[in-house]
Amino acid sequence: MASALPPNVSEKTFQKALDAFSGVVGKQWVLATDEDRTTYMDIYAAGDADQHLPSAAVGPQSAEEVQAVVRIANEYKIPLWPISRGKNLGYGAAAPCMSGTVVLDLGRMKRILDVNERFGYCLIEPGVGFYDLFNYLQEHKIPLWMSVPANAWGSVAGNALERGYGYTPYGENTRNICGMEVVLPTGEFVRTGTGAMANSQCWQLFKYGYGPSWDQMFVQSNFGIVTKLGMWLMPEPEATLGLNMQLPEPDDVGWAIDVLQPLRLNGVLEQNPSIGNSIRSVASRSQRSEWYQGDGAMPDDVLRGLLKKFNLGWWGVNLRLYGYDEVNEAHAKIIQAAFAKHTKQEFEVVKWHRGDPIENSGAGVPSTSVLQAVNWRGGRGGHVGFSPVLPASSEHVLKQFHSTRKRYEEIGVDYFGSFTLFDRYVTNVNMMIYDRDNAALTARVRALFKALVTDAAKEGYSEYRTHLSYMDEVALSFDFNNHALLRLNEAVKDALDPNGILAPGKQGIWPRALRKARA
Ligand code: ADP
């Protein structure tokens, strides 16, 4: 593979820096062979992996080692890209935004430092994966539930720091953050919230601390390296009640959102249901070539035939109620009555009670089976996600759905979308699935992505999270008052990171010396 050095750093200086890193973490944890570098590339890249080449990776084992690595990086002006487990698939995986950056792999720091059953929280290091925390809670019989994203291969911290989400009432993972320990780009240690008191009794209980509150400043940013993270966990409920339905027509997603949004806002429904088009079920059970050989987007009649074969609607809706049995039953009746105004179909009902196998409960049980879908196009599969945020109403959802689907059809990619409902907004994740070795298809995917960013910005929709290759474009779509927010971010960046060593380019925020690199 092509090797990349950090900008303005000679081979000799780079080698000196790597030697100094070895002095801190041990030689075996400085990874700089071609094979090592390949491991940290974007494994799902749509033909643009060479835009984000890591120069090496360093794996510290403790916050003190992180601090020492950061100090060396300042001395030699070596950019660092922190990852927790590096499984940010579809958004760049373990790769850095700027080629030549050294990946700071925190995966070895995986201690679960505290779990408090009474107050429902944990304090963890960044390398703790969803499986690690789940297994810990199960083994110790702790009745606390996690919120887990659809693909749970990654870390609890990495997901919350990127604003990933799960589907329980604690679904907005970033909202559950309570207290952090951070190494600033200069190497200074800081604790947020009440953790700023050395003997705090409330670090994971009270988010705000005293004065300005900084937790969100370290989320989707390049202002610090999180070395400890407090997260709230949900007490296991007495019961859950699932309501599943297939919606036959594409436009049914509109009324479904209008019916569910007030119920979500008033608390009848407390979780974030994801309404996804059924191709995701088909793609996780079969490959496209079994049904269709054409190159462009799969035609509607082929898709309809498939849905019939698998007994699926155009969309699948899966709702889940959590809490006391009687309350769940009462809320289920309210939801059923609201749906009955639009459909004669009945919900499939799934009940779970404490003590039943957890797999059917609606708890955050980690799984990676959704990744099956990347095999849809055959070959070495990959996906990228375009994920705008919209108001939770049929007007916006249908407009966005129709214009997005039209773009997929024009450019020739199979439409694969979902709308996840929160209290006031929906996130619309549009997946593009490809064979990474099909250059024509990956070129179409990149063109589609760019078209969708531009379309969404015109409508006033931003993305909630994006792939490395589009961080500048999305940042520039926040254009109020001549990009005042970006200028604020840059001012903070320059103040906290005078040498510009931490994650240059992340979220479109570049340090002063590299700002010309902005697209
Ligand atoms: P996952 O949990 O899915 O493996 P990653 O480790 O890939 O997540 O992290 C996703 C992104 O979040 C990274 O590319 C980085 O920008 C940011 N990030 C992850 N961990 C940290 C951390 N400990 N401190 C600061 N930023 C982080």
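This is a predicted model: local features need pLDDT of at least 70, side-chain atom pairs count only at pLDDT 80 or more; totals for chains, interfaces and linings use all residues.

**First stop: a helix pair**

Residues are numbered from 1 along each chain as its sequence is written, and side-chain values use heavy atoms, with hydrogens and water left out.

Helix α6 covers residues 252–265, and its axis comes within 8 Å of the α10 axis, crossing at roughly 150°. Axes here are lines fitted to C-alpha atoms, for helices over the stretch in contact, with angles from 0 to 180 degrees between N-to-C directions. Helices are DSSP runs (H or I, at least four residues), numbered from the N terminus. So α6 and α10 are roughly antiparallel (an angle over 145 degrees).

Now show side chains. Val 253, Gly 254, Ile 257 and Asp 258 of α6 touch Ser 394, Val 397 and Leu 398 of α10; contact means heavy atoms within 4.5 Å. Sorted by class, that's four nonpolar, two polar and one charged. Here Ala, Val, Leu, Ile, Met, Phe, Trp, Tyr, Cys and Pro count as nonpolar, Asp, Glu, Lys and Arg as charged, and the others, Gly among them, as polar.

**Second stop: the core**

Next, pick Ile 257, Trp 315, Ile 335, Phe 419 and Met 432. These have the most contacts inside the largest nonpolar core, which has 68 residues. Such a core is a set of buried Ala, Val, Leu, Ile, Met, Phe, Trp, Tyr and Cys residues joined through side-chain atoms within 4.5 Å. Buried means under 20% relative accessible area, exposed over 50%, and partly exposed in between (1.4 Å probe, protein chains only).

Zoom in on Phe 419. What is it in contact with, leaving aside its neighbours within four places in sequence? Its partners include Val 253, Ile 257, Trp 315, Val 397 and Phe 401.

Is Ala 503 buried or exposed? At 2% relative accessibility, Ala 503 counts as buried. Check its backbone too: phi is near 45°, a positive value in a residue other than glycine. Most residues other than glycine have a negative phi.

Now jump to Asn 482 in helix α13 (residues 480–496). Phi of Asn 482 is positive as well, near 50°, but Asn 482 is exposed, with a relative accessible area of 56%.

**Last stop: another helix pair**

Finally, select helix α1 (residues 11–25) and helix α3 (residues 63–76). Their axes come within 10 Å and cross at roughly 165°, so α1 and α3 are roughly antiparallel. The crossing of α1 and α3 is right-handed. On the α1 side, look for contact residues including Ala 17, Ala 20 and Phe 21; on the α3 side, including Ala 68, Val 69 and Ile 72. This contact has 10 nonpolar, one polar and two charged residues.

Key: Helices (H or I, at least four residues) and strands (E, at least two) are DSSP runs, numbered from the N terminus. Angles under 35 degrees count as roughly parallel, over 145 as roughly antiparallel, 65 to 115 as roughly perpendicular and the rest as oblique. A crossing is left-handed if the near helix is turned anticlockwise from the far one by less than a right angle, and right-handed if clockwise.
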